[in-house]
Amino acid sequence: MDNRQILFAKIPVGAVTPDVFEFRDAPTPTPGDGDVLVRNIYLSCDPYMRGRMDPTSGYGVYFDVGEILPARVVGQVHESRNPDFKVGDFVWGFLGWELFTLVAGGEGLRVIDPSLGPISHAITVLGMPGRTAEVGIYDLSDPKPGETVYVSAACGAVGQVVGQLAKMKGCRAVGSAGSDAKVAHLIDNLGYDAAFNYKTVSSIGAALDEHCPDGIDIYFDNVGGETLAAVLERLNDGARVPVCGQISQYDLESSESPVDQDALLAKANATLGKFSIYKHMDNFDAFPPRMAAWMKAGKLVYYEDIVEGLDNAPDAFITMMQGENLGKRLVRVSDDPTL
Ligand SMILES: NC(=O)c1ccc[n+]([C@@H]2O[C@H](COP(=O)([O-])OP(=O)(O)OC[C@H]3O[C@@H](n4cnc5c(N)ncnc54)[C@H](OP(=O)(O)O)[C@@H]3O)[C@@H](O)[C@H]2O)c1
């Protein structure tokens with residue numbers, strides 16, 4: 001029973017390349033008193049990991065070169081010397097990009113309730129990305145019936161939930177994404193009222209004029225850059241702009257807004273605020289049952305984009321950053337016995 005691991009090997013400059021990752025084979029550790037050995041099943045690939053790779057990114061906490069890539073993982077308890085975890089329990093936690101993780105003292109490990117949905121959901125729609133969507137659109141933006149909500153990266157882990165939550169409040173949801181297949185998915189499967197491919201429109205401003213004829217009341221920003229700039233010129237009075245992320249900027253050394261952000265916000269009497277999900281974790285335990293109930297009632301659907309095999313994890317991350325994923329990107333590194 002050998003372990004295989006992926007280490008953070010090198011700080012990237014620009015887009016992440018395969019040499020940022022390094023593989024290592026290692027013996028599987030033996031749990032000591034209180035420890036839990038987890039067989040990892042699903043590894044998460046998230047854009048924030050790009051920020052953690054570069055100490056100049058401003059993210060705040062960073063990977064150490066040489067460490068096993070830390071990430072959210074769903075797995076199954078393989079050996080346990082901790083009374084809180086039984087062999088066979090499905091668990092999730094901040095583990096690592098490897099086949100087995102030894103969790104000292106069971107620290108941070110959470111047992112998954114499989115009655116809520118597929119076990120992978122613990123790190124997708126019932127986990128960080130789902131709660132991020134809810135915080136940004138419900139807690140911070142107070143959407144009202146009839147308002148226009150525009151979401152960028154609208155097919156992704158977070159964006160697909162935002163549009164559906166906005167629809168549940170009676171809003172008109174407009175999304176953008178980077179392929180025609182994603183645009184069709186937004187309309188056909190995710191219930192968006194309108195959508196466009198930001199890579200092929202003549203300009204993002206013109207696309208917004210076409211698809212948001214009544215202006216924009218809430219812009220859920222996942223991408224920043226020229227999309228944000230175009231939105232700021234089209235905000236309705238009292239508009240809200242929760243800035244969830246700005247992925248178009250993550251590989252750049254520096255960025256500058258092409259518009260006078262403050263002046264445009266003041267003109268529309270609008271508010272813009274960056275938020276981090278880590279500041280909104282207080283009542284997290286109430287979230288998975290709430291979201292699972294919406295899904296069971298058929299109010300919300302969720303798509304995952306699963307790549308097979310640990311050896312494909314670096315490529316899965318790199319291509320997720322390039323937009324290959326249709327839904328939340330995960331890597332399945334071992335058998336999911338619930339399937
Ligand atoms: N505030 C928080 O606490 C928090 C938590 C989670 C995520 N986030 C942020 O939320 C955003 C979405 O994250 P996610 O996990 O849901 O990822 P995701 O949308 O599932 O995947 C990333 C997507 O970004 C799009 N993208 C890549 N480069 C782009 C560019 N230059 N311009 C426009 N779109 C681009 C791609 O889709 P296209 O095909 O559409 O280009 C890609 O599929 C990210 O900015 C992330 O950092 C923030």
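Trainee: Which strand and which helix each supply at least two residues of the lining of the second largest pocket?
Mentor: This is a predicted model, so local features need pLDDT of at least 70 and side-chain atom pairs 80 or more, while totals for chains, interfaces and linings use all residues. Numbering runs from 1 along each chain, and side-chain values use heavy atoms, without hydrogens or water. Helices are DSSP runs (H or I) of at least four residues, strands (E) of at least two. The two elements are strand S7 (110-111) and helix H8 (287-296).

Trainee: What volume does the second largest pocket have?
Mentor: A pocket is an open set of points on a 1 Å grid where a 1.4 Å probe fits, with protein on both sides within 12 Å along at least five of seven lines; lining residues have an atom within 4 Å of a point. The second largest pocket comes to about 230 Å³.

Trainee: Which residues of its lining are closest to the centre of the second largest pocket?
Mentor: The lining of this pocket has 11 nonpolar, three polar and three charged residues. Closest to its centre are Trp92, Val111, Asp113, Leu116 and Pro288.

Trainee: Which helices each supply at least two residues of the shell around the ligand?
Mentor: The shell draws at least three residues from each of domain 1 (2-124 + 303-332) and domain 2 (128-278). The helices are H2 (128-139) and H9 (313-321).

Key: Points joined across faces, edges and corners; volume = space filled by probe spheres on them. Nonpolar A, V, L, I, M, F, W, Y, C, P; charged D, E, K, R; others polar. Domains from an automatic or database assignment.
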